[in-house]
Amino acid sequence: MNDPAFVLWMTGLSGAGKSTITDALAKELQRRGRAFEVLDGDVVRTHLTSGLGFSKADRDTNVRRIGWVARTLAKHGCIALCAVISPYRAIRDEIRAQSVAPFVEVFVHAPLEVVEGRDVKGLYRRARAGEIRGFTGIDDPYEEPRTPEITCRTDRQTVEESVAQILAWLEARGLLEAEGA
């Protein structure tokens with residue numbers, strides 16, 4: 001079967017589990033022999049958008065650039081796995097509207113107190129101490145998706161459960177061939 005390309009857009013607060021779930025999905029797609037590319041927000045900022053800051057305009061530009069790369073990858077038959085905070089709903093909706101391939105928004109959701117408790121990078125601690133200004137979820141908004149295709153509750157689900165949920169959704173809609181089919 002020739003599975004279609006698509007854009008899988010993982011959005012959520014820092015520390016919600018976007019990169020962790022994306023890495024696990026990438027391993028599964030590799031096992032299945034699918035062409036994909038991971039666009040992780042932190043990695044993209046290092047290599048593609050390092051000159052941008054964290055103002056709303058810069059964040060919008062960053063997300064638009066990631067959306068352009070994802071759209072281009074999908075246009076050429078590659079699955080784009082995007083793990084990007086992308087805090088503003090209007091820009092996510094804009095990226096969705098411009099996508100020529102199916103766009104699957106995955107809300108990787110964990111309450112603020114949970115992600116603050118995880119705080120593996122120490123960013124929430126620094127934001128609460130006033131060392132980082134305009135931090136998403138603290139003094140800059142995160143606008144939750146209104147109607148994402150999938151919501152992974154990482155405060156209640158394991159990584160494996162979240163990955164299984166995403167795979168099942170993709171298989172049910174013909175974006176991935178079901179195992180054993």
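Good morning. I begin with S86, which is buried at a relative accessible area of 3%; buried means under 20% relative accessible area and exposed over 50%, with a 1.4 Å probe and protein chains only. This is a predicted model, in which local features need pLDDT of at least 70, side-chain atom pairs count only at pLDDT 80 or more, and totals for chains, interfaces and linings use all residues. Residues are numbered from 1 along each chain as its sequence is written, and side-chain values use heavy atoms, with hydrogens and water left out.

S86 is not a glycine, yet its phi is positive, about 40 degrees. Most residues other than glycine have a negative phi. S86 sits in the loop between β3 (79-83) and α4 (89-98); helices (H or I, at least four residues) and strands (E, at least two) are DSSP runs, numbered from the N terminus. D119, also other than glycine, has a positive phi near 25 degrees, and its place is the loop between α5 (112-118) and α6.

I turn to helix α7. Which residues of α7 are buried? They are S162, V163, I166, L167, W169 and L170. These residues cover an arc of only 160 degrees around the axis, so they lie on the same side of α7; the arc is that of the directions from the helix axis to the C-beta atoms. The face turned away from that side carries the exposed E160 and A172.

The buried residues of α7 pack against β1 (7-11), α1, β4 (103-109) and β5 (150-153). S162, with a relative accessible area of 0%, touches I21, C152, T154 and Q157, not counting residues up to four places away in sequence; contact means heavy atoms within 4.5 Å. After α7 comes G174, with a positive phi near 75 degrees.

Finally, the largest pocket. A pocket is an open set of points on a 1 Å grid over the protein atoms alone, where a 1.4 Å probe fits, with protein on both sides within 12 Å along at least five of seven lines; lining residues have an atom within 4 Å of a point. The lining comprises 31 residues, of which S14, D42, I85, K121 and L123 lie nearest the centre of the pocket. At least two lining residues come from each of α1 (18-31), α2 (41-47), α3 (56-75) and α6 (123-128).
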